[in-house]
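Visitor: I'd like a quick tour of this one before I set anything up. Can you walk me through how the chain is put together?

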Amino acid sequence: MFCLLILSIFGTFALNTSDYEISIAANQQRWEKNFNASEGGANREGSGVGYAGVNGLYSWYTIADPETYNTHLYPSTLANYDPSGTDMPVAGTFPDNFDADDPNSWPRQNLMNDTTDNDYDYAYLVTYLYPDVPPKGMDATKFSSYKFRINGQRQVIIEIGGIKVGVKNPL
């Protein structure tokens with residue numbers, strides 16, 4: 001009888017362990033999905049830096065004055081700022097309440113360009129940092145590298161950086 005009690009207790013512990021492992025695996029999957037959405041969003045927005053697109057099909061970021069450093073770049077209209085509007089609502093009113101330190105006020109987008117679901121939504125922030133010398137082998141009198149920082153956020157914030165090489169600003 002005592003042996004049956006001990007085996008029952010061990011069986012209960014074994015069942016609880018399985019429940020904990022399933023819970024841990026589910027949390028890991030959610031975290032990875034959020035991480036991948038953040039990273040994919042940062043990479044997607046990074047690919048739009050310095051790219052003008054074809055016939056307005058792709059978004060890009062306009063730098064009005066390359067000599068104004070640490071400029072945050074974001075879409076010019078609310079429709080582009082938060083295309084889906086309801087799933088990850090932007091805090092405040094665009095652009096009056098935009099705050100680079102608050103990811104809740106950053107622009108929104110969906111990795112799949114699908115505004116009907118919330119699966120791959122992310123917030124992002126593109127920042128133009130400063131111009132710099134071009135890479136080796138390029139004429140420094142004609143070209144410049146422009147440094148950017150791109151953040152993607154969906155519960156996890158990913159930050160990437162990079163340069164785009166372009167014609168030197170004649171200012």
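Visitor: Which residue is the bridge partner of Asn 110 in E3?

Guide: Strands here (E, at least two residues) and helices (H or I, at least four) are DSSP runs numbered from the N terminus. Asn 110 belongs to strand E2 (residues 108-110), which pairs with E3 in the antiparallel sense over 3 bridges; two strands pair if DSSP finds at least two bridges between them. In E3, the partner of Asn 110 is Asp 121.

Visitor: What should I know about the model itself?

Guide: It's a predicted model, where local features need pLDDT of at least 70, side-chain atom pairs count only at pLDDT 80 or more, and totals for chains, interfaces and linings use all residues. Residues are numbered from 1 along each chain as its sequence is written, and side-chain values use heavy atoms, with hydrogens and water left out.

Visitor: What pattern does the protein chain follow along the sequence?

Guide: The secondary structure comes to 2 helices and 5 strands. Read along the sequence, the pattern is α-β-α-β-β-β-β.

Visitor: How many bridges link E3 and E4?

Guide: E3 also pairs with strand E1 (residues 71-73), antiparallel over 3 bridges, with His 72 opposite Thr 127. On the E4 pairing, Leu 125 stands opposite Asn 151. E3 and E4 run antiparallel, and their bridge count is 9.

Visitor: How many of the 12 residues in E3 are buried?

Guide: Buried means under 20% relative accessible area with a 1.4 Å probe, protein chains only. Across the protein chain, 29% of the 171 residues are buried. Strand E3 (residues 121-132) is mostly covered, and its buried count is 9.

Visitor: Which residue in the hairpin of E4 and E5 takes a positive phi?

Guide: Strands E4 (residues 143-153) and E5 (residues 157-167) run antiparallel, joined by 11 bridges, and Ser 144 has Gly 166 as its bridge partner in E5. The hairpin has 3 residues between the strands. The one with a positive phi, near 65°, is Gln 155.

Notes. Buried < 20%, exposed > 50% of the residue type's maximum accessible area, 1.4 Å probe, protein only.
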